[in-house]
Amino acid sequence: GQVRGRRSYAVPLMLRKGRSLAGAALACLLAHATAFCAVSPVLALRGGAQGVMGTRMMSGQKVPTVELNDGTQHPMIGYGTYKVGFVPASASAAAGGLQTPGETQVTARACVGEALAAGYRFLDCAQFYGNEGEVGKAIEDSQVPREDLFLASKVWNDKIYEGAAAVRAQVEKTLADLQTEYLDLYLVHWPVPGGKHVEAYLELEKLQAQGKVRSIGVSNYAVEDLEELMAACSVPPAINQIEVNPFLYRKNTIDFCQQKGIQMQSYRSLRDGKAFADPTVADLATKYNRSPAQVLGRWCLQKNIIYIPKSVKRERMEENKAVLDFEITSEDMARLDALTTAATLQAFKELYEKCVVRDTPYAGTPEGEALVRRHITLD
């Protein structure tokens with residue numbers, strides 16, 4: 001068939017012992033990349049179901065993509081902009097006195113400029129990150145064509161609480177800050193309770209219909225939040241962005257989303273570098289002759305989860321995305337899967353309960369405490 005006027009191809013999966021389905025798809029993609037790129041600069045592989053792999057050529061860079069439930073091709077690797085050039089005042093580390101809020105020595109404009117020069121084309125942004133104006137300047141500096149970029153953002157809790165008009169106004173501000181007429185993806189950042197997150201999402205449906213946003217989705221949603229939303233919405237979420245890494249691998253939540261056709265995105269894929277010395281990760285890094293970051297990134301891709309690493313250093317940016325030319329065996333994937341503990345799941349639960357009301361009038365009030373969902377699918 002044809003997708004937006006471009007040719008579509010079926011991709012045979014090269015399965016062998018120790019190779020996962022997602023890993024086979026990625027390996028096959030790489031094996032065929034040269035032939036694909038000779039046909040079209042942008043290739044949309046489509047098979048009628050979420051999870052079909054493809055590739056895009058973006059300014060000479062081969063980038064694997066996955067098809068979302070709305071037919072959009074989404075890059076599998078992106079650049080995260082959280083705490084890049086700016087630390088939000090209510091960020092956990094800032095609130096705990098571990099980081100100074102506000103601007104950092106290295107600007108977001110400089111960091112994102114380096115990321116674009118390194119070949120990243122999917123930029124993961126957010127209102128909360130406080131740096132979208134600088135990101136927009138970096139895009140302008142780079143002169144990368146808009147059609148080569150995949151720009152995503154998220155609306156923060158304060159605007160979600162305020163309602164539909166505030167959500168719409170924030171989308172317009174992000175469009176102006178990023179200097180673009182449309183966003184490829186826009187998410188509700190947290191499931192603010194009291195029906196607030198549902199109201200915000202329904203406004204995103206209208207913005208999508210008006211062409212301001214091409215795909216819409218959510219972030220940090222538990223299974224129960226998704227069930228509440230899907231009972232009320234007309235357009236199912238294309239994305240759920242949550243923390244995913246071997247130390248917080250919530251398999252039942254991921255399985256639920258994938259069964260519903262909701263593509264997973266991962267933040268903290270590299271666990272902020274805090275797990276690089278873990279014995280299992282270090283052992284596998286040695287075995288595969290890769291860095292710990294590359295092992296964690298590859299694990300993410302083999303789970304068919306969009307991988308969004310972050311660094312302010314150019315050499316790390318290059319290293320983090322060099323994850324397409326090796327494969328972790330199923331036995332070693334299982335070793336990484338086993339790193340999630342009851343303690344990390346409990347820490348996630350406590351963070352979830354705090355963050356769903358952060359920066360809203362619900363925070364610290366009996367009303368807010370009563371609204372917070374206490375029983376969610378943790379794993």
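1. D272 sits in the loop between β15 and α10. Its phi is positive, about 55 degrees, although D272 is not a glycine. D272 counts as partly exposed because its relative accessibility is 48% (buried means under 20% relative accessible area, exposed over 50%, partly exposed in between, with a 1.4 Å probe and protein chains only). Helices (H or I, at least four residues) and strands (E, at least two) are DSSP runs, numbered from the N terminus.

2. This is a predicted model, where local features need pLDDT of at least 70, side-chain atom pairs count only at pLDDT 80 or more, and totals for chains, interfaces and linings use all residues. Residues are numbered from 1 along each chain as its sequence is written, and side-chain values use heavy atoms, with hydrogens and water left out.

3. R271 lies in the loop between β15 (263–267) and α10. R271 also has a positive phi, about 50 degrees, and is not a glycine. Most residues other than glycine have a negative phi. R271 is buried, with a relative accessible area of 18%.

4. Which residues of α10 and α11 make the contact? V281, L284 and A285 come from α10; P292, V295 and L296 come from α11 (contact means heavy atoms within 4.5 Å). The axes of α10 (residues 279–288) and α11 (residues 292–302) come within 8 Å and cross at roughly 95 degrees. Axes here are lines fitted to C-alpha atoms, for helices over the stretch in contact, and angles run from 0 to 180 degrees between N-to-C directions. The two helices are therefore roughly perpendicular (65 to 115 degrees; under 35 is roughly parallel, over 145 roughly antiparallel, the rest oblique).

5. Strand β11 (residues 150–155) is mostly covered: six of its six residues are buried. F150, A152 and K154 point one way, and L151, S153 and V155 the other.

6. β11 pairs in the parallel sense with β10 (residues 122–124), over three bridges (strands pair if DSSP finds at least two bridges between them). F122 has F150 as its bridge partner in β11. From β10 the chain crosses through α4 (residues 132–142) to β11, a right-handed β-α-β crossover. Right-handed means that, with the strands pointing away from the viewer, the path from the first strand over the helix to the second runs clockwise.

7. β11 also pairs in the parallel sense with β12 (residues 183–188), over four bridges. K154 stands opposite L187 in β12.

8. Helix α14 spans residues 342–355. Leaving aside neighbours within four places in sequence, E353 is in contact with V372, R373 and R374. E353 and R373 are 20 residues apart in sequence and 7.3 Å apart in space, C-alpha to C-alpha.
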